[in-house]
Amino acid sequence: MSAKSMTDVAYEYLSKRKKSVEFLKLWNEVNLVMSFPENKVASKKAQFYSELMLDNRFASLEDNKWDLRNRRKFDEVFIDTDAIIIDSDDDEEELELDEEEKEEDFIEE
């Protein structure tokens with residue numbers, strides 16, 4: 001097994017390429033280099049995806065493609081959090097239902 005991390009392997013692979021790569025192709029390359037045992041592949045794949053999301057060297061693009069952030073323009077990788085709509089009404093309704101259930105459980109005891 002390699003002494004490098006999965007994201008280091010991915011970084012080297014993407015550095016040698018000129019364009020973005022689909023996640024599955026990137027994962028296959030990492031798995032090839034790292035030589036994970038078959039029984040660990042699924043958990044390592046999930047771990048790799050999480051690590052890619054957290055590593056600021058990488059940019060998640062449309063169609064589940066990945067590239068190095070330093071090769072991308074700001075507009076391509078920036079996510080405007082002001083544009084995210086949070087429906088807080090659903091959360092409030094769930095909270096109210098949870099409180100009602102607790103009251104019912106308390107009354108029954």
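Predicted model: local features only at pLDDT ≥ 70, side-chain atom pairs only at ≥ 80, totals over all residues.

Modeller: Below we chat about the fold, the salt bridges, the loops and a surface patch.

Biologist: Thanks! How many helices and strands are there in the protein?
Modeller: Five helices and three strands. Helices (H or I, at least four residues) and strands (E, at least two) are DSSP runs, numbered from the N terminus. Along the sequence the pattern reads α-β-α-α-β-β-α-α.

Biologist: How do α1 and α3 cross?
Modeller: The axes of α1 (residues 6–16) and α3 come within 9 Å and cross at roughly 70°. Axes here are lines fitted to C-alpha atoms, for helices over the stretch in contact, with angles from 0 to 180 degrees between N-to-C directions.

Biologist: So what do you call that arrangement of α1 and α3?
Modeller: Roughly perpendicular. Angles of 65 to 115 degrees get that label, while those under 35 count as roughly parallel, over 145 as roughly antiparallel and the rest as oblique.

Biologist: New topic: how many salt bridges does the structure hold?
Modeller: Four. A salt bridge is a side-chain nitrogen of Lys or Arg within 4 Å of a carboxyl oxygen of Asp or Glu. One of them pairs Glu12 with Lys4 at 2.5 Å, N to O.

Biologist: Is Asp67 buried or exposed?
Modeller: Buried, at 2% relative accessibility. Buried means under 20% relative accessible area, exposed over 50%, and partly exposed in between (1.4 Å probe, protein chains only). Asp67 forms a salt bridge with Arg71, their closest N and O atoms being 2.4 Å apart, and Arg71 is partly exposed at 32%.

Biologist: Let's look at loops. Which phi does Ser35 have?
Modeller: A positive one of about 55°, although Ser35 is not a glycine. Ser35 sits in the loop between α2 (23–34) and α3, and counts as exposed at 51% relative accessibility.

Biologist: What about Asn64?
Modeller: Asn64 is not a glycine, yet has a positive phi of about 60°. You'll find Asn64 in the loop between β2 and β3 (65–68), partly exposed at 39%.

Biologist: Where is Asn56?
Modeller: In the loop between α3 and β2 (58–61). Asn56 is exposed, at 59% relative accessibility. Asn56 and Leu68 are twelve residues apart in sequence and 8.9 Å apart in space, C-alpha to C-alpha.

Biologist: Last one: which residues make the nonpolar surface patch?
Modeller: Tyr49, Met53 and Leu54, covering about 340 Å². Patches are made of residues with over 30% relative accessible area and no salt bridge, joining like charges within 9 Å and nonpolar side chains (Val, Leu, Ile, Met, Phe, Trp, Tyr) within 5 Å. The areas come from the Shrake-Rupley method with a 1.4 Å probe, and for residues only the protein chains shown count as cover. Tyr49 lies in α3 (residues 41–54) and is partly exposed, at 31%.

Technical notes: Residues numbered from 1 in each chain as written. Heavy atoms only, no water.
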